[in-house]
Amino acid sequence: MILYNSLGQTRQEFVPFNDKEVNMYTCGPTVYHYAHIGNLRTYIMEDVLEKYLRFSGYNVKRVMNITDVGHLTSDADTGEDKMLKGAKREHKTVLEIAKFYTDAFFADCAKLNIKTPDVVEPATNCIDEFIEMVSVLLEKGYAYVAGGNVYFDTSKLDSYYVFGNMNEDDLAVGVRDSVEEDENKRNKADFVLWFTKSKFDDQELKWESPWGIGYPGWHIECSCISKKHNGEYLDIHCGGIDNAFPHHTNEIAQSEAYLGHKWCNYWFHVLHLNDARGKMSKSSGDFLTVSLLEEKGYNPLVYRMFCLQSHYRKPLTFTYESLDNTAKAYEKLTKRIAGLSKDGSADIAKAKPYLDSFKEALDNDINTSLGLTCVYDVLKADLDDATKLYLIDEFDKVLSLNLTKAKSAQEQTESADSEVNAEVEALIAQRTKARAEKDWATADAIRDKLKEMKVVIKDTKDGIEWHFEN
Ligand code: AMP
Ligand code: ZN
């Protein structure tokens, strides 16, 4: 399998540290607001990567943090605390909004068929581990205390800008609300490991530490949580491209300084979802969510398909017009699949070349649009329906578009009929109970409702019989 690795900026053969075991880490959401569909593009593409690794026979352990403390509005340690900003906006506590938006995030993921990682760890669970890592970095001389905060000293590293094409000026990127300089830093690129001298007098979440009461920096979370659950060697680290610098660059600095050896081999970065105004961002407060798409009548899986239609390393522009095109394509595709006969059994030998083409597409740096084309190729192929369904089911283990779950027209009518029948049965049972309890008002109301539904009831010696009026 070939993956583009941001470390080295080349396409490389994927070889895990330990044969078929893959340790994978994903930067989780900062839970001060709903995830927007840009964030979810990143999580959809990471989900495809994880599922394809499993499909290829790897055992994957995927770990994700939940950022519920420490992330400031600028990724370079300036600006406001994002969680506090969210709490003030909603007149709630930080932990209340963290819980609310964590639940909302996983509800959105479920709608998009994004699998929940094997381990999900909120940063606020790991304060002792952060303190231990910061202490070791201080002992080893990679960190210093200044003005009450603990900083990582980037001058102690042989190379800091590991992803290339970056320099100190890029630190200004993302500084939206403030351009303040931190006078305590020895080098411009140094970053905070632990804040005690908070700029925010009203900081809600604070903990005792050897350096005073305070809270962790954002970057230390991921180094620490990955070490806690993935161990000292990480195969793949994922995130959106904006995380590459400074966040992932700082993670590498901390982890390798702490561990004393190379930490993570492959860095998988998903490019941004943009709209007409540019990169979609939470802090602008003006963004699209899965719920909003649903309100507008879109199946969330249409958005998943929209993402799969383009490569994760290309920026993707969102417009309703292109989403409409995907919605039409999705409906046509699932209808065609629903029309396949479920009888018979698959011819595995005949299926093999089609399975190989799918693997070839995904082995080529997760080429999901080619993977989707494989579904159309199968539909057109000279194969029996059972083999087609078998193949599409296999592909859908990775694509996760519920391709074979859509019901045929006949199945839809049958299931609609059975739902109505169940409702009538339930109403009749309620009416019988109401009559037994001499609750005539309820019994009469149910009788009227059944009449409205054109249901005719007959009392017989075997009980109540019913049918719809002709
Ligand atoms: P956050 O909740 O802001 O920490 O971001 C969660 C994930 O979404 C991170 O991996 C970000 O890199 C990623 N992300 C943020 N904005 C976008 C965007 N417009 N398109 C794709 N991914 C994004
Ligand atoms: Zn992270």
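Two strands are taken as paired if DSSP finds at least two bridges between them, and the strands themselves are DSSP runs of E with at least two residues, just as helices are runs of H or I with at least four residues, numbered from the N terminus. By that criterion strand β12 (residues 273-275) is joined to β14 by two bridges, the two running parallel, and Leu273 has Leu316 in β14 as its bridge partner. The model is a predicted one, in which local features need pLDDT of at least 70 and side-chain atom pairs count only at pLDDT 80 or more, whereas totals for chains, interfaces and linings use all residues. Residues are numbered from 1 along each chain as its sequence is written, chains are lettered from A and ligands numbered from 1 in the order in which they are written, and side-chain values use heavy atoms, with hydrogens and water left out.

The β12-β14 pair belongs to an open sheet of three strands in the order β13-β12-β14, with mixed pairing. Because β13 (278-279) and β14 (316-317) stand at the edges with a single partner strand each, one side of each is left without a neighbour in the sheet.

A second open sheet has five strands in the order β5-β4-β3-β10-β11, with parallel pairing; its edge strands, β5 (119-122) and β11 (264-270), each pair on one side only. Within this sheet, β10 (residues 234-240) and β11 pair in the parallel sense over six bridges, and His237 stands opposite Trp267 in β11. Helix α6 (residues 244-259) packs on the sheet and touches β10 and β11 (contact means heavy atoms within 4.5 Å), its direction making about 165 degrees with that of β11. Angles here run from 0 to 180 degrees between N-to-C directions, with axes fitted to C-alpha atoms, for helices over the stretch in contact. Helix α5 (residues 218-230) lies across β3 (21-26), β4 (59-66), β5 and β10, running at about 145 degrees to β4.

Turning to the ligand, 18 residues surround ligand 1 (each with a heavy atom within 4 Å of it), the closest being Thr30, Thr42, Asp242, Leu273 and Lys282. Among the polar contacts (pairs of N or O atoms within 3.5 Å), an oxygen atom of ligand 1 is 2.8 Å from an N or O atom in the side chain of Thr30, and an oxygen atom of the ligand is 3.0 Å from such an atom in the side chain of Asn39. The elements that give two or more residues to the shell around ligand 1 are α1 (37-55) and β10, and α1 gives the most, with four residues.

Technical notes
Polar contact = N/O pair within 3.5 Å; in protein donor to acceptor, adjacent residues only side chain to side chain.
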